[in-house]
Every structure is written in structure tokens, then in C-alpha cells.
Amino acid sequence: MSAFGATDLDLSNRRRERAFRGLFGAMTALLILPVILILGMLVWKGHSVFSLEFFLAHPRNGMTEGGILPALVGTLYLVAVALFASVPLGVAAAIYLSEYAPDNLLTRLINLAIINLAGVPSIVHALFGVGAFVLFFDFGTSILAASLTLAVMTLPVVIVATRESLQAVPQAFREASWSLGATRWQTIRRIVLPNSVSGILTGVILEVSRTVGETAPIMFTGATFYVAFLPMSVFDQTMAMSYHLYTITTQVPGVPEALPFAVALTLIAIVLLLNSVSIAFRMVLRGKKKW
Amino acid sequence: MVEVERDTAVSKLEVEGLTIRYGETVALKDVSLDVRPNEILGIIGPANSGKTSFLRAINRMDEMTDGMHVSGRIALDGTDVRRWRNVYALRRRIGVVFPLPVGLPLSIFDNVALSPRLRGVHDRASLEEIVERCLTRAALWDEVKDRLHSLGSLLSGGQQQRLTIARALSQEPDLLLLDEFSIAVDPVTTMRIEDILKELREEMTIILVTNLVQQARRLADRTAFFLKGDLVEVGPTEDLFMRRVRDRRTTDYLEGRFG
């Protein structure tokens, strides 16, 4: 018995509390460590390459010199077209699944299929893209084929994120709206969508950041080693950041050591930038408490 | 023809053999009762008696609820509600107030203007007139008139419940369903809403589900007692409370022996 009536049990509970707190904290630190190491390494090794020219020039001299402009533009192009295909489709499917579909075996099977689709390795999506878009639809190896492949691959992300944010809107709001004589669509448009749009956009941005880094789905469907021109139409082939990184690290002899690190850093910077936009966005919208 | 009209004049709502199931579970068994025009019908009974299911069947919310199955007949002004081609027009005639106040995440103004907009009223002046009239009737206007454009879902519980009443009134309903409206509301607001309901009786028929026996006594012209899915009895409220009851279970409930 010590002062203030603390028993031995109290003291041992407090020790245990400290121990677990320390344990969980250490695990978190362990998670952050690789991120810091990777980023630090990339900056350390790659920073010497960065200049305005690096972003604005084409590669030169067998990819060993010059910049990454075509890859940068190509990646943005691929992502934009992929979004254009996957967002309307994914959001519409999620609205159907969340707001219209009856809760029956078929709906549950569809949901299961979507989750499984998210687990399909990206190389399998690549092969699907070759078969479906490059050959069957005869788009050739092109931005269109590559973007559609990326779209199929990221569709589950959009659907799941959208469905989750639709379902975060309380059912009581729907019932109140229906009892006023609103149709399902009027309820979705006036009540449900305006209150889930932040979650949907977060999902979209997460999708973008995943798409930016993918290599396998585009390497057979539209990405190319080198093109002298920036892509002019969706039927062109294009360079892309992820594929460019792959080629200069494995396929091209004589690339200066710093170059791949700089490309990798740029790629990660794009992803981090997009993720921080998504986080900032969510914070702004969450700040406006609606209920 | 004349007889048909007299029939509809006698009953606002006729319920015959109403049975409600959720999958295998029976929520309401073979209930028949009439609701007269401009009366307040109280429905009392312990939890899980089928009171809420009864209300949901009236405006066909079973169609929006997975697994809810309704059989039997509910006629509003003599017409079976299931035969209304336009379920949205049916629902517009029936105002609903829920147990937990549901201020929609819209401005106070838009909460009340939503139903008029759904039925095609769009000009500003008419909407403003409707909003002011309905909020006034719901005894909320003075408290919110200076902040009509702040969110309705952030009002206090008592204010939100009056907002939902204003919203229901904006439908210009002739039937108002209230489902335990005072559960999340302070006693003062409860009394104010009860006063509003007494006035509204002049214009519409009201079905008041409550688990406060005394609330039914204060407000209802007639009271129905539901127990475990059965309609035990229905009669003039005074009779029930004067112990002129047909079924022992009613007395037991009213005297607080269970429920």
C-alpha cells in the first residue's frame, strides 16, 4: 500500500499500460522507418540530376542524358484517360449496388466479385488488356488500350470507395426523403451524393496514385521505350514514368547512376502530392460537419 | 355512389387483415381497424409490438425495405394504397415524423422547401411563403428566422423535431404519422408539439404511435393497443383509461405491470 491508496494491482496495471503503449509506438515507428530510408536514399542519390531541363527535355543519347518530359506527359495522359473511363463507370456501379440493388444472393456475389477483382495481380490485368483492348477491339498498343487496362484494374477501388462513402450517409436521411415523396434518384441527387462526394473524390485520388505507379498493365498495352514526339492522340503509343524507370534500370547500358533515382523520386513525389491533396481535401470537407 | 361517398367520409383509413412479416418473423398479425377523419388515433404498446411496422405499411415503405412483406388491405379515402399507381404522390399526402429527429443535411430553408420542390413549386416567393407558414405552425419560426440558411441537421434535438414537423406540413398532408416523436425531445418541446398536434387535428388525421401511455391519454381521441403483433383492442381513449376494457392485458399494460 503506497500513498493515495494505490494498490499493487494499480501499479502493475500502470506498468503494463506503459509497456503496451511503448510497444505499439515502436511498431508505428518501424513502419515509418522504411519510408524515410527510401525517400532519403532517393534524394541523396538522385538530387544532382534535378534541373528545369530534367522536367522539360526529351531523353538524349540512348536515354543516358536529357530529361523525362515525354514520360511525364505520357503518365498524365494515361491517368487522365483511365480516370475518364473508370470514374463514371465505377461511381454508377457503386450507386446501383448501394442504393438500388436488393440485398440478395446476386448482389452479394457481385460484391464478392468486385473485391476479388481488386486482388487480381496487375500482370493478369495486363494480359487481359492485350487480349481485349489491343487485339479484340483492335486499339493496338496505344494510350487507349493501356488506359482502359488501368481503368479495369482500378475499377474495384473506385467502386468500393464510392460504395463505402454512400453507405456512410445515414439510412434515416433516405427514409425521411422517401417519405416526403422523393424517388430514389431524387434522394440520391439531393441528399446522398452531396454528402458522400468527399469520400468518392478521396477514392478517385487514391486510384490515381495507384495508377501512376503501375508498370505491368501498360508495358504490353501502350507504353513504349522511346518516342520522339509527345502523344497527340489516344491511339499513339507513349512513354510513361513507371515504364521509363523500368527500362533505364534494366534495359539500357551506361545510364548514370543518379538518373534512375531521380526518376523514381519524381514518381514518388507525384504519388505523395496526390495523396496529400486527397488528405487536405478530406480535412476541409470533414471540417464542415453536416450532422 | 352516394353510399361509397358516405363510406369514405366515415373512414379516413381502413385497415383490413393487415399482416406484416420480415422474412420468417411476423411483426403484425391480421390487424383490422379504422381511422376516422380528423381524429388522433393513439397507438400504444411495448417495444416490438408492430407499431412502427404498421406506420411503414401505410405509406408503402415496405417497398424500400428488404425482406419486409405486407399483406391485407389498407385503404386511404377508400382506395387501396397498393393500387395507387404513383407511390410518390401517395407518400406526399402522408407526413411522417420519426422517433429520432431527422433534420436532413440541408439548410433549414431547404429542409422545408424540399417537398414543395419535389412537387414542382420552384418560384422563390411561393417557397418563402410555404417555409414561413410551416415553420410558424411548427412553433420554430421565431427561433430560426434569422438563420434559415444554416444546416437543419445541426439544430438541437427539440428544434430538429419541430423542423421535421414543419417539413411534414410542407407536404400539405391529410394524414400525419408520428412515431414516438418525443423519445429524443425535452419535456417542454414535447408539450409544445402536443399543442401543435391538437391544432392540426382540425385539418388532418393523425396517427400517433407512442410508448408514453399518458401522451396517448392527453391527445388521442381513440387509442389502439398493440402487443406482440396483435391488435389487442381499440376504442375511445377515455374508455381505455376508465378501465372499460375488453382484454385484461390492456389493463395490465396501462397500469404498468409490463412493458
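Modeller: The largest nonpolar core has 140 residues. A nonpolar core is a set of buried Ala, Val, Leu, Ile, Met, Phe, Trp, Tyr and Cys residues joined through C-beta atoms within 7 Å. Among the residues with the most contacts inside this core are A:L78, B:I43 and B:I206. Helix 6 of chain A, residues 143-167, gives the core its largest share, 15 residues; helices here are DSSP runs (H or I, at least four residues), numbered from the N terminus. The model is predicted: local features need pLDDT of at least 70 and side-chain atom pairs pLDDT 80 or more, while totals for chains, interfaces and linings use all residues. Residues are numbered from 1 along each chain as its sequence is written, and chains are lettered from A and ligands numbered from 1 in the order in which they are written.

Two residues are in contact if their C-beta atoms, placed from the backbone, lie within 7 Å. Leaving aside neighbours within four places in sequence, B:I206 is in contact with residues including B:I40, B:L176 and B:R201.

In chain A, A:I200 lies in helix 9, residues 197-213. A:I200 is buried because 22 other C-beta atoms lie within 10 Å, and a residue counts as buried at 20 or more, exposed at 12 or fewer and partly exposed in between. Beyond four places in sequence, A:I200 is in contact with A:V91, A:A161, A:T162 and A:S165. Between A:I200 and A:G67 there are 35 Å, C-alpha to C-alpha, and 133 residues in sequence.

Notes. Helices (H or I, at least four residues) and strands (E, at least two) are DSSP runs, numbered from the N terminus.
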